[in-house]
Every structure is written in structure tokens, then in C-alpha cells.
Amino acid sequence: MKYTNALEEEIKNRVSQDFFKAFDCTKILGKIDFAVKAKQSVRSMRAGEADIYFLWAEAKQKPADVLIMLTQLVLTIGKARTFNEVPPPRFLGCYDNEKIAFVPYPDIQGIFYQNDFNWKVTPSNTETREFKQVYAHIQQIIESDKPGGTFLFDFENDKKELRQFIQDNFTAGKTETAKIQIEKNNFIRIYSKWIEKVKPTILVNWDTAKKSGIIDSDFYLADLLSSENKTLKEKLYVLLESDHYRLDRKLDADGFENIRSTYFNDKQRAHSEFWAIYARPPLEEYWDYIIQRRDLLVPQDVRERKGSFFTPKIWVELSQKYLADVLGIDWQDEYYIWDCAAGTGNLLAGLVNKYNIFASTLDQADVDIMLDRIQNGANLAEENVFRFDFLNDDFTKLPKSLQAIINSEEKRKKLVVYINPPYAEATTAKTVRETGDNKPGVANSHKTREQYKALLGKASNEIFAHFLARIYQDIPGCILANFCKLKNLVATNFKNFRKMFLAGLKKIFLVPADTFDNVAGAFPISFQIWDTTIKEEFTEIHADVYNKDGDFIGKKGIYAAHQSINEWIKLFADSTGCIIGFLPNPSPDFQNNNFLFISKDAGTRHIYYLPINAYSLICVCIYFSVRHAIRADWLNDRDQFLYPADSWKDDTEFQNDCLAFTLFHTQNNIQSAHGVNHWIPFTEKEVYAKGKFESNFMTEYMSGKLGGAKSIKPQLFEQAVYIPQERLIFSPEALAVFDAGRELWRYYHAQPSCDLNAGYYDIRERFQGRELSGNMCASSKDEKYTELIGNLRSALKALARKIEPKIYEHGFLRK
């Protein structure tokens, strides 16, 4: 809402409408630019009651210094003695086209009554002694850490806070300035604003600090849990001490405290301006919650590497119930428990035998928080909470009591490693598109990478796999209870991992990933309980499934992928003859189906692109339809598409259904602008075209006119791969798709100007248009087109429902 390129009077009008609509901003008080007063009722006007002013302000058209604007306002008021004519306001203020500031009038009024002060100076002359004197006085107020000060808001980023401030403080009879209260529902949003306004003014090299385990949220917590700029929680890793921060407090060999400190680069001005708006500290009832939820303040890349993800209480309790089911009702007395990626320790909440519980984490700040929580009743033993880098440190650094357990074969069998480990992956969508690099430090910054690389194979890109591998290799015989995605069970990249990780999966449940804070995407998170004394390779299991409310909704089969659909489709690779397009082969699961489309040319992603010709067309359409006919949801998101049984070869109706489905699917991206369109599913006569198409490949293919049978790999498939010799016979559902598509093509060719060789993509683009971003619009203003494409989509959905059971019947998926 920055008022860019607006004149000063326009800015005044817009500020009045956007923020002060409930008040009267029409009054002109001498040379004061802007005044806000309470609207008067008819009764108060008749009674002659005085106006109640809330704000007198200086206004500027372009960005200006707050101190200069306020100084000019004070000199303007003092020169005219406006406060002698009308009652003064609650606030003086100023604004430009970006920001607005408020100062309580009582903080300023003393300057109006100074002796020997020349009020006749020109307010805009910044060089006078009087200007500099008022400027210094206001600067002292702004930089003060006492109640009051200046309340500064950005029109664009602080709209909500500004409106709340006005609502709380522009009230007749109110004398104290109300600040915004901080509680568990807004402390994260306030943190994001703190990052923007305060963090850049702290003298810290954040890249270097992050490597040492120091992150900005530790400074924010020091600010948040403070009063009069002094942190109230001594156990925090960073403390605010008036005008500087203290951190990493340690005792040297002589028992003296070594302290590191850092200051501000702007004399703490931004810090003072920011915290003037908010009431610190929050109510004490919120302290433990805010400290415990430090994970929400950890940057995304750090969370992914270190595992700073808060496990929701509902799943913590459910996981402990499952552990009791597997290990027995007295498991907490009979087993030791170690969370080696503990964060702030929330996964251990609810456990009762604190002397059997160990909690370690990479960050000393998290250790300090757990120790502080112990002082406030957390059921952990201080001597069992420690800093430990599980992927790099030697076990000799562990507490002696835990070493004794790990070093004993019998005691290891009574150790439950209970974790929600980090899930960072080296590769990203940008990596495979050749538009970005692997995430730095994920794939190669841990000792475990070289130690287990040969055993993990491609799974070494995933940090959680490193955790599981070290637990399995270095703590043999233990019970492993872990939250994680399903990749270790089903992904083709984890084939080597599964051959190494020979253990018995005793029980598993699945829950939606988006029930975990800061986890985006619709996919399942699993809780797995493994007995590592059992040596068997995972093949399959039926998992319990729960919805977001914790209700049991059924079972789901989980199967290890051995041969994938991508291995199957590559058998039909053939680059001879007329190449009519290319089919990418992204990872064979639902989450990667967005990358599966048909295009005229091969793409640039790091995957295989199968050339499409008359010999491979049917198999390409099967592959395409199998992966797109079933809608993705959170539960099937990681399901693997498999190498099928041979039964598909004789199911010509299924094959033809897949051809029809592919021709009219929105992921068929064939465009006439990219070359000759061989995918037009109708003849010129059928759609009343005004001229001859450049290619009739598809209609001749479907009518059997391309002739001759040819098997690409006869030793494997005999007559499975062929060019049809007779007209294809389509099911009623497929014919309904062709009928709806034909009406759409006819409507397109009836337009005054059209591309004779347009494909389905081109037709949609013609009627729907594009957004400013370049993406195709989701709908069209053309009512007839909307009706026709609606009919086509409905027919295609019906065809997809017909294809779906065949996908399971032929073994492309397993239930």
C-alpha cells in the first residue's frame, strides 16, 4: 500500500480513507498538514463540546526522515501556539508515502514551554539552532527504552498492526498508550517483522554464526522475553542486556565466565522503534509455549538439516501408544529411550521415567531450552540432556551411562531410539530442471556420507537416511521408532538402503504431513517401529491410517518398489520413423506426475525422454494414462508405479481407452507453434476445418491406415508393440470423450481466425488466454466454450474412472 507517485494531497486523502475512515480528517488547523479528530454527534455539536483530537501530523510526498518531519511539526505548532486555541491531541505524528509515526503528545509538550526559545524560526530551515535543539530532543525520545517513544508503522507491511494501534488508542478519554499484546497466535508473525527491521541492525555475520549453531531466532527470543531491554530468562542462549546482547556464556578453567557480546550498528534505533509497538514480555502463561516452539522460528534450511520440526502432540501421544502396543504396557520401565534429534524435547513429552530418557540435539540453544523447561517441570533429568552431533560426533562423547548401554549387547536390545529426524534432501526441483544447484551442505557435510555412501546409494542424498543408517550400523539390536516419509520403504532410490537395512518392521501408522508445522505438501508422514534384531528386507506391510483429527480411517498397503514403470516404458524406446513427440520419465510416484507431459521436443530435466513414434504410441499412452487417471491425494502421494504383469498386452480396450485419455488430457502439451502437430484426433471434415491439416497422422493411425505389424522387441513382447492394421474399436466411455472433443474442435474452427493445425493446448489457450505471469488462465469468459470444455472434462473423468481398476488389475499399482 505504498502511495507511489501520488501527490501530497492525494496521499492525505488516501491515508484518511485507508486508516482513519472512522474519524473526521477534514479540519484544517493553521499550517498543520493533517489532523484527526473524533466525529461529533448532533447532540455534542449543539452542546458546544470541544473537539477531541487524536493526531496532528506532518505529511510529505516522498520518503523522508521521521526526526526531520517531527521536528518541523513541533516548530510549526510552537510557532502558532495551536495548543492554546484547541485542546492538544493524544499524538503528534508524521507520514510520507511509505510510513507513519506517532509520538505521545505528553512526551513532546515540555519543549513548548522552554525559556529563551525562538519560535519565530522557519520550521523547514534545518540549519537553525532551534531546529537542531528540537531534533535532539525528539531523537532522545525515539532512542529511549522507557515507555512511550515513537510508534513507527510501514503502510505496506504493517497494515494490520497500524489499524490495531489506531483502534486501541484513538478513543476518547484514554490516556495511556496501548501496545500490541504478544501471545501464542502472533509471535511468529511478529518474528517475521523483527527479521526485516531489527535483525539487519545487529552486528553479526549471520552466515558464520549459523555454522556455529547461532541463529537469529535466539536474538528474537532474548528481545521478546525481556522487560526494559533486559532478558528475563537466564537460561536462554542469548540474553539482551540493555544496549547489547550476551551469548555463549561459558566458564574457563579458573571458574571465570567467558562472555561474548554484540551490539547494534544504528545505536539501537531500529530496535527501539520496533519494540515501541509491542508489549514486552508476553503474559507469563505463554512463555513455556513460545520457548518450546522455538522450532517455528528456525529458518527452513536449518530446520531441514537439524530436524527442528515440532511433532504435534496428537502424534506424539499416538506414537507412544503404538510403542506400548509393541513393547508392552511397562515399556517405559523396561527400556531406555534416546531421542538423538530432540530439538526442544517435545517428542519426549508424556514419558514418565526421566532417568531412562536421554535427549541430545545439535544446537546448544535447544539444550539450554530443555534445561530451562526442566526447571519449569519438564520430566527430564539434567544429566541426560546434552549437545551431540549424531552424524559427526564419536560415541565416546556421549554420557558414560548411555555409552554403557550402547556398548552392551544385551542392554542395546532394551534401547529405544525414538526420533523425528531431519528430512533435508540434496536435490530440488531446480536441480533436476538444470536451473539450480544441490542444496549446499546437505549431501556432503556429514561424516556418515562417506562412511555409508556405498551402502546407501542414492539414498545418501537424504539426511534422515543417514540417521537410520548410523543407528542400524552402530547401535545393532536396538529398537528404532522413527517418524519419516515413506521413501525408505517404497522409493526406487532406496533399493540399496533396503538391502542394507535388514530389520523387522513391527508396526506403522500414517498421518497427513500438513498436520506438522511448516511442512508443506500433501503426502503421508509415517511412524515406524523396527526391531533391528530381526534380519529381513522390507517388502510390504499394511499401515494404519489416521486423518488430521486423529481418527482411524482404515488400512493402506505399503510395498517396496523393485521394478518400476520407468524400466518398463524404456523397453519401447525406438527413434526410427516419424517422431511425433517426447515423453519424460520422472520418478515413478504420484508426487512427480506434474512433470509428466507430452511435448514436441525433449526437455532439459535430468531424466530420460522417450521418443514417440507409431510403434511406441500405445505404450506411451498407457504409461501416461496409468499415471494421470488417478488423482493424487495425501495418502497415495508416495505410491510407486510398477512394472506391470503381461495381462495388459491382450487388453485392447484398455489400450484404446488410454489413447483416448491421452489425446484429450491437459498434460498433452503439443502446440502447433513448435512444429507439425501429429496429434489432431479428427479429420478436417469432422470439424468443418477451413483447410487441410499439415498432418493426419493420428486419424490414420486410429483407422489402421498406417498398416503393417512390427514388434520392437519380439523376444520379449511378440505382437504387443504394433501399428494397428484395422480401425481401433473404442469403448462407449472413450467415444463420449471423442464426441465432446469433436464439438469443441468444431466451435474453435468456426471462429473468424483460427490455426488450422491447432491442438488441444492451442484451443484452450485461444479461449482462456494468459495471466500477466504468463500462465494460462483457469477459465474463459466465452460461455459456449466453457460449456463445451466442461462436457469434455466430464467425459474424461468418466473415462478415468473406467481405466482406474485396470491399473491395479494389470499390476501398475498395488492396493
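In what sense do strand β13 and strand β14 pair, and over how many bridges? Strand β13 (residues 336–339) and strand β14 (residues 357–361) are parallel and share 3 bridges; within this pairing, D339 lies opposite A359 of β14. Two strands are taken to pair if DSSP finds at least two bridges between them, and both helices (H or I, at least four residues) and strands (E, at least two) are DSSP runs, numbered from the N terminus.

The structure is a predicted model, in which local features need pLDDT of at least 70 and side-chain atom pairs count only at pLDDT 80 or more, whereas totals for chains, interfaces and linings use all residues. Residues are numbered from 1 along each chain as its sequence is written, and side-chain values use heavy atoms, with hydrogens and water left out.

Strands β13 and β14 belong to an open sheet of 9 strands with mixed pairing, in the order β15-β14-β13-β16-β17-β19-β18-β20-β21. At its edges are β15 (385–387) and β21 (552–559), each of which pairs on one side only. From one strand to the next, the twist averages 20°. Helix α13 (residues 313–327) packs on this sheet and touches β16 (415–419), β17 (479–484), β18 (504–512), β19 (524–531) and β20 (540–546). The direction of α13 makes about 160° with that of β18. Axes are lines fitted to C-alpha atoms, for helices over the stretch in contact, and angles run from 0 to 180 degrees between N-to-C directions; contact means heavy atoms within 4.5 Å. Helix α15 (residues 364–375) lies across β14 and β15, at about 165° to β15.

Another open sheet has 5 strands, ordered β1-β2-β3-β4-β5, and its pairing is also mixed. Because β1 (34–37) and β5 (151–154) stand at the edges with a single partner strand each, one side of each is left without a neighbour in the sheet. The twist averages 20° between one strand and the next. Strands β2 (residues 53–59) and β3 (residues 91–95) run parallel and are joined by 5 bridges, with G93 in β3 as the bridge partner of A57. Helix α3 (residues 66–80) packs on the sheet, touching β2, β3, β4 (99–104) and β5, and its direction makes about 130° with that of β3. Helix α6 (residues 159–169) also packs on the sheet, touching β3, β4 and β5, at about 140° to the direction of β5.

The pLDDT, the predictor's confidence in each residue from 0 to 100, averages 86 over the chain, and 89% of the residues score at least 70. Over residues 303–308 it stays under 50. Where pLDDT is low, the predicted coordinates should not be read in detail.
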